[in-house]
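Good morning. I have one structure to go through today, so please have a look at the sequence and the model before I start.

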Amino acid sequence: METTVRITSGSDRVAVLGPSERNLKMIREALGVHVSAREGKVVLSGDSERVEMARGVLEDLIHAASRKQALTRQQVLDLISEHAAAPRDEEDGGGELGAAWDGRLNVFVAGRMVRARTPNQQRYIDAIRDNDLVFGLGPAGTGKTYLAVAAAVHLLKSGRVKRIVLTRPAVEAGERLGFLPGDVRAKVNPYLRPLFDALNDMMEFTALRRCMESDVIEVSPLAFMRGRTLNSSFVILDEAQNATKGQMKMFLTRLGHGSKMVVTGDPSQTDLDDAADCGLVDAAGKLARTPGVGFVGFTREDVVRHTLVQRIIEAYGDELPARTPRRRGSGRGAPPERGSSPAGE
């Protein structure tokens with residue numbers, strides 16, 4: 001499909017197209033359409049649904065420009081996200097949590113939509129969409145944490161959850177760091193840094209700070225989850241191999257109405273003093289056949305970091321103990337077998 005959008009004479013061309021046609025580049029990369037501008041008009045071509053999305057974005061940009069409003073880069077990304085989500089929302093009528101989600105993440109990093117890069121990553125996103133509780137087990141660099149955070153931001157922006165809760169066991173990886181200065185947030189920040197890094201990639205700094213100050217996004221150690229019921233929330237437990245059996249049971253029973261939970265980790269990389277007390281292994285064995293619970297096992301082929309990371313995983317792979325249950329023939333999936341034993345992220 002090809003369509004032409006004319007820039008009205010009262011609009012500032014730079015405000016519509018962006019400096020050095022930045023806005024057009026973001027539309028092209030995020031929606032996968034061909035975009036060209038010449039003589040006061042923009043030509044869009046490609047898949048009909050995506051061309052309509054791009055057209056809607058451009059029309060909003062023209063309207064803003066006619067009112068002398070110059071949108072920031074993040075505002076343009078949010079505009080693209082809204083139009084990318086709109087067709088599915090209208091078709092499905094809003095529905096239950098995840099009902100209007102076709103597997104695409106309306107979350108952008110450096111102007112590009114976050115996407116699954118391997119079949120297992122797509123299965124992971126689909127499992128999060130289709131289940132209220134998902135376990136993601138796999139090597140470092142497979143995107144377990146990153147994609148879970150992206151899914152959380154997607155559902156928050158689309159209004160399907162009201163808050164994001166990110167948590168992690170405060171267990172040191174073989175080192176004793178002593179007492180850390182500052183308040184509770186300052187003390188736990190070093191443990192939760194990977195979660196902050198993912199959020200910083202996906203959200204504008206001022207918006208992220210505003211969400212954290214209002215507790216729309218909460219980042220806290222696992223110990224602080226006791227006694228809570230988390231409704232209408234997207235809850236992520238990262239590095240779950242460092243949670244004890246008691247902590248894991250406590251965490252899983254925090255799930256409230258209209259919420260989703262994602263648990264990520266690698267049973268073979270636990271930093272607990274007693275590996276037999278690993279709550280991730282225990283939960284994987286007890287919940288493998290539970291309806292509404294999804295398991296996705298990643299392998300070294302899913303690593304999307306530096307290629308050297310894959311070689312490192314291969315070099316250490318034979319030394320990893322087999323602690324995860326064998327894969328069972330279930331549509332929900334199950335923890336990976338010994339041959340694809342993951343190394344934690």
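How many aromatic pairs does the count come to? The count comes to two aromatic pairs, where rings of Phe, Tyr and Trp (its six-membered ring) pair if their centres lie within 6.5 Å, and planes under 30 degrees apart count as stacked, over 60 as edge-to-face and the rest as tilted. Tyr124 and Phe298 make an edge-to-face pair, because their ring centres are 5.1 Å apart and their planes stand at 80°. This pair links distant parts of the chain, 174 residues apart: Tyr124 is in helix H5 (residues 119-130), and Phe298 is in the loop between strand E11 (293-297) and H11. The other pair is Phe135 with Phe295, which is stacked, at 4.8 Å centre to centre and 10° between the planes. Phe135 is in strand E6 (residues 133-137) and Phe295 in strand E11, 160 residues apart.

A word on the basis. This is a predicted model, in which local features need pLDDT of at least 70 and side-chain atom pairs count only at pLDDT 80 or more, while totals for chains, interfaces and linings use all residues. Residues are numbered from 1 along each chain as its sequence is written, and side-chain values use heavy atoms, with hydrogens and water left out. Helices (H or I, at least four residues) and strands (E, at least two) are DSSP runs, numbered from the N terminus.

Now burial. Buried means under 20% relative accessible area, exposed over 50%, and partly exposed in between (1.4 Å probe, protein chains only). Tyr124 is buried at 0% relative accessibility, and Phe298 is buried at 0%. Phe135 is buried, with 0%, and Phe295 is buried, with 2%.

Next, two helices. The expected span of a helix is 1.5 Å times one less than its number of residues. For helix H3 (residues 48-66), with 19 residues, that gives 27 Å, and its end C-alpha atoms are 27 Å apart, which agrees. Buried residues of H3 include Arg50, Met53 and Leu61. After H3 comes Lys68, with a positive phi near 65°.

Helix H6 (residues 144-157) has 14 residues and reaches 20 Å from first C-alpha to last, close to the 20 Å expected. H6 is mostly covered, with 12 of its 14 residues buried, among them Lys144, His154 and Leu156. Gly159 follows H6, and its phi is positive, near 80°.

Last, Ile312. This residue is found in helix H11 (residues 307-317) and counts as partly exposed, because its relative accessibility is 43%.
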